[in-house]
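Please look over the sequence and structure shown here before reading the notes that follow, which are grouped by topic.

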Amino acid sequence: MDPLLSELLTRGVLEREQWRELLSRRHQLDRAALFALAREIRARWFGNRVYIRGLIECTNYCKNNCLYCGIRRGNSHVQRYRLTQAEILACCEQGYRWGFRTFVLQGGEDPRLTPDWVAQVVREITRRFPDCAVTLSLGEWEREVYRLWYEAGARRYLLRHETADPAHYARLHPPAQTLSRRIACLYDLKALGYQVGAGFMVGSPGQSDDTLAQDFCFLQDLQPEMVGIGPFLPQHDTPFAQEPPGTLEDTLLLLALLRLTLPAVLLPATTALATLHPRGRVLGMEAGANVVMPNLSPPAVRESYALYDGKAATGVEAAEHLADLRAQLAPLGLTVAIDRGDAPTKRPQQS
Ligand code: 5AD
């Protein structure tokens with residue numbers, strides 16, 4: 001085994017220089033052995049259970065102008081929409097019947113989305129579905145807003161850090177958005193008691209072995225309960241339209257390395273990965289992932305939530321096809337759990 005991999009396994013952490021070295025030779029690693037190890041570690045924490053989360057894309061209005069993202073403010077070709085509370089609750093109703101016990105409310109940073117409005121929906125979902133978890137993924141807000149939502153019943157928050165290198169962050173975002181602010185939000189969320197999800201795109205323009213090394217060091221420090229990674233995929237109406245996409249190989253390698261670094265982490269095989277390759281989900285699972293987030297949004301708006309081109313929104317990506325997902329996972333010896341799927345480190349009866 002690679003000496004740095006053994007050190008990662010025995011010490012649990014690597015220094016930045018070591019990460020850079022390991023990452024620089026990642027394509028020479030024995031992938032079959034690495035993936036088998038990742039699956040073994042996953043099994044130790046999760047058995048054969050895969051968790052599902054119903055993703056509800058609440059709004060595609062966004063005040064930000066991230067250079068990679070299809071729903072950036074500057075893209076006038078998007079048909080903008082905002083779901084009503086009733087529509088969101090109807091998605092949950094439907095999802096509950098299909099077996100979802102976690103609902104993820106995701107959206108752009110919509111200036112018309114008020115903290116109270118969100119708190120109200122969260123309260124209503126937790127009242128109607130007391131055995132379900134509510135995850136929010138609504139971008140950067142003040143700590144007091146995160147507190148309000150926690151008090152309303154939200155227990156998880158997804159906010160990818162996108163890159164832990166400040167110069168790289170500045171290449172991906174306009175000056176109004178800073179890495180330090182993003183990181184402050186993640187630590188605020190942690191301090192409030194949320195299960196936190198960070199993450200980054202694989203192969204985003206300007207990413208290097210060194211920026212990735214910083215991502216791994218950052219994740220070692222933050223110790224998030226979840227890490228979302230997927231390939232960068234160009235969107236034709238963004239400044240990055242002509243940039244090459246991230247690769248399948250890299251995404252799978254990084255998933256496996258994340259499983260080794262944070263053994264108990266919730267690791268989704270993302271929609272972007274499924275978009276890049278028809279068997280992306282399954283390959284992600286074989287590399288150590290253990291979460292799938294099918295789309296529960298009303299079919300009529302799914303196309304408008306186009307962060308990147310070609311987004312998979314049908315078949316196994318769609319929540320109505322859970323049976324297909326089960327059939328895909330069965331040959332891998334995995335079963336879909338009808339369960340909130342809390343992080344192993346946060347499992348007690350903390351509602
Ligand atoms: N390709 C892949 N992922 C993207 N995201 C946004 N735009 C793209 C893209 N073009 C990811 C970002 C964001 C998450 C919601 O989607 O990492 O945090």
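A nitrogen atom of the ligand lies 2.7 Å from a backbone N or O atom of Leu-233, a polar contact being a pair of N or O atoms within 3.5 Å. The protein covers 87% of the 400 Å² of accessible area that the ligand has on its own, by the Shrake-Rupley method with a 1.4 Å probe. This is a predicted model, in which local features need pLDDT of at least 70 and side-chain atom pairs count only at pLDDT 80 or more, while totals for chains, interfaces and linings use all residues. Residues are numbered from 1 along each chain as its sequence is written, and side-chain values use heavy atoms, with hydrogens and water left out.

**Ligand**
- An oxygen atom of the ligand lies 2.9 Å from a polar side-chain atom of Arg-160, and an oxygen atom of the ligand is 2.5 Å from a side-chain N or O atom of Glu-162.

**Ser-137**
- UniProt, in an unreviewed entry, places the feature "binding site" at Ser-137; such annotations may be inferred rather than shown by experiment.
- Ser-137 lies in strand E4 (residues 133-137), strands being DSSP runs of at least two E residues and helices runs of at least four H or I residues, numbered from the N terminus.
- Ser-137 is buried, with a relative accessible area of 9% (buried means under 20%, exposed over 50%, partly exposed in between).

**Helix H14**
- The buried residues of H14 (residues 322-329) are Leu-322, Leu-325 and Leu-329.
- Seen down the axis of H14, these buried residues fall within an arc of 55 degrees, so they line one face of the helix, the arc being that of the directions from the helix axis to the C-beta atoms.
- The face of H14 turned away from its buried side carries the exposed residues Ala-323 and Ala-327.

Definitions and conventions:
Buried < 20%, exposed > 50% of the residue type's maximum accessible area, 1.4 Å probe, protein only. Polar contact = N/O pair within 3.5 Å; in protein donor to acceptor, adjacent residues only side chain to side chain.
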